[in-house]
Amino acid sequence: MIKKYTDVLLAALLALATGLFVPFSPALLWESINWNLLGILFCLMTITAEIGKWGIPRALCLHFFGGKVTVRQLARFFTGACFFSSMVITNDISLIIFVPFSISTFIEIHERSLLIPLITLETIAANMGSMLTPIGNPQNLFIYEYFHLPLSDFLSTTAPVVFISGFFLYLAGRLFPETVISSLPSREMELPRKKSLFLLFLLLLCVLHVLRLIPLTLVMAVVVPAMIFLDRKAFWEVDYKLLLLFSLLFMAVGNLGRLDILSTWARQTIGGHEFWISLLLSQFISNVPATVMLSPYTENWAPLLLGVDVGGLGTLIASMASLISFKAYTHIPAVSKKEYLALFSLYNLLLLAVLILWYVMVY
């Protein structure tokens with residue numbers, strides 16, 4: 001239990017410890033929390049969880065499974081599904097949907113030995129594809145909201161890295177054989193069209209808010225009652241742990257921001273080194289907490305954004321979404337965790353090296 005909530009406990013201790021050095025003020029603590037970000041995250045997580053529950057992406061995928069297909073094509077399909085869907089439904093939800101689906105499919109076609117490279121590439125695809133859009137992952141949404149960025153500036157910053165990552169993943173698809181699969185598993189799924197359109201409409205409302213076209217109050221006024229009517233259980237699927245983690249980090253950062261000496265030192269240290277510091281810090285505390293902790297001390301949002309997103313590569317905890325794939329893999333009987341971690345680290349470090357080289361050349 002404690003291990004599961006280690007990050008939350010550490011954030012709580014940080015908030016308490018930093019609070020000892022500043023006068024206690026409930027009003028300032030309240031103001032330090034970005035309620036707008038928490039609200040839109042809550043709506044997005046509720047909607048995307050329901051999309052995954054109804055199997056909408058999976059049902060759409062099955063329409064592609066017709067005629068002859070090779071193992072390589074199937075692997076690229078699953079990798080591409082994680083890559084592109086994560087741009088809209090977030091990297092976490094993308095992996096929750098497609099990794100178990102790909103595992104069951106590859107086991108049924110007797111390609112169990114290819115599961116480690118497949119799951120590893122799916123994880124990289126979700127983490128790197130999600131960095132394209134503000135709603136692709138929590139750290140993107142935070143930076144987009146915190147710095148009040150124009151969408152065009154955001155996309156022009158992330159697009160090159162996403163393109164390079166996509167090309168890397170396409171080349172990595174050559175690791176899989178071109179063996180023709182004699183027969184794919186037969187699964188009949190009826191696409192819930194009315195519910196699908198309704199959920200997509202709710203998702204569109206969230207996107208319109210992210211684009212600053214409608215207020216959050218309108219989004220929540222529609223989404224919350226709609227989800228209560230559609231399926232109240234969807235609220236149990238929300239990652240409240242992430243929302244609590246954000247709240248505690250907001251408090252801690254708010255306390256630190258009231259310490260002038262520390263604030264001045266942090267700005268001098270981080271300034272001009274945002275990419276490298278955020279990338280390195282992400283390896284140890286993951287990229288979401290790193291984003292919240294570093295953002296108040298710099299105005300250079302572009303290297304910070306690139307640092308925390310590229311920093312999702314590397315260690316298993318650099319991006320918490322990576323743990324979703326790892327847990328799904330460990331549920332398979334008689335698997336080697338060491339072999340998974342070794343290949344996962346190798347692939348992540350290879351792409352990380354490529355992206356660091358690109359950053360050094362461009363910036």
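User: Are α14 and α16 roughly parallel or roughly antiparallel to each other, and why?

Analyst: A word on the source comes before the case. This is a predicted model, in which local features need pLDDT of at least 70 and side-chain atom pairs count only at pLDDT 80 or more, while totals for chains, interfaces and linings use all residues. Residues are numbered from 1 along each chain as its sequence is written, and side-chain values use heavy atoms, with hydrogens and water left out. Angles under 35 degrees count as roughly parallel, over 145 as roughly antiparallel, 65 to 115 as roughly perpendicular and the rest as oblique. Here the axes of α14 and α16 are 7 Å apart and the angle is about 25°, so the two helices are roughly parallel.

User: Which residues make the contact between α14 and α16, and how do they divide by class?

Analyst: Contact means heavy atoms within 4.5 Å. From α14 come E274, F275, S278, L279 and S282, and from α16 come P303, L304, L306, G307, V308 and V310. For classes, Ala, Val, Leu, Ile, Met, Phe, Trp, Tyr, Cys and Pro count as nonpolar, Asp, Glu, Lys and Arg as charged, and the others, Gly among them, as polar. This contact has seven nonpolar, three polar and one charged residues.

User: How many helices and strands does the protein have?

Analyst: Helices (H or I, at least four residues) and strands (E, at least two) are DSSP runs, numbered from the N terminus. The protein has 18 helices and two strands.

User: What percentage of the residues is buried, and how many residues of helix α16 are buried?

Analyst: Buried means under 20% relative accessible area, exposed over 50%, and partly exposed in between, with a 1.4 Å probe and protein chains only. Of the 363 residues in the protein, 54% are buried. In helix α16 (residues 301-310), 10 of the 10 residues are buried, so this helix is largely enclosed by the rest of the structure. Among its buried residues are W301 and D309. The cover over the buried residues of α16 includes α7, α8 (138-146), α9, α14 (274-285), α15 (287-294) and α18 (337-362).

User: At what angle do helix α7 and helix α9 pack, and is their crossing left-handed or right-handed?

Analyst: A crossing is left-handed if the near helix is turned anticlockwise from the far one by less than a right angle, and right-handed if clockwise. Helix α7 (residues 115-129) and helix α9 (residues 151-172) pack at about 165°, with axes 10 Å apart, and are therefore roughly antiparallel. Their crossing is left-handed. The contact joins L121, I124, A125 and M128 of α7 to V161, V162, S165, L169 and A172 of α9. These residues divide into eight nonpolar, one polar and no charged.

User: What is the handedness of the crossing of α5 and α6?

Analyst: The axes of helix α5 (residues 71-89) and helix α6 (residues 91-108) come within 8 Å and cross at roughly 165°, which makes α5 roughly antiparallel to α6. The crossing is right-handed. By class, the contact of α5 with α6 has 13 nonpolar, six polar and no charged residues.

User: What is the phi of T90, and where is T90 placed?

Analyst: Phi is a backbone angle. For T90 the value is near 75°, which is positive in a residue other than glycine. T90 is in the loop between α5 and α6, and at 16% relative accessibility counts as buried. H110, also not a glycine, has a positive phi of about 65°. H110 is in the loop between α6 and α7 and, at 71% relative accessibility, counts as exposed.

User: Which residues does T123 contact, leaving aside its neighbours within four places in sequence?

Analyst: T123 lies in helix α7 and is buried at 0% relative accessibility. Leaving aside those neighbours, T123 is in contact with L95, S322, S325, Y340 and F344. The C-alpha atoms of T123 and N91 are separated by 8.3 Å, although these residues are 32 apart along the chain. In the protein, residues 24 or more positions apart account for 82% of the contacts with a separation of 6 or more.

Note on methods. Axes fitted to C-alpha atoms, helices over the stretch in contact; angles between N-to-C directions.
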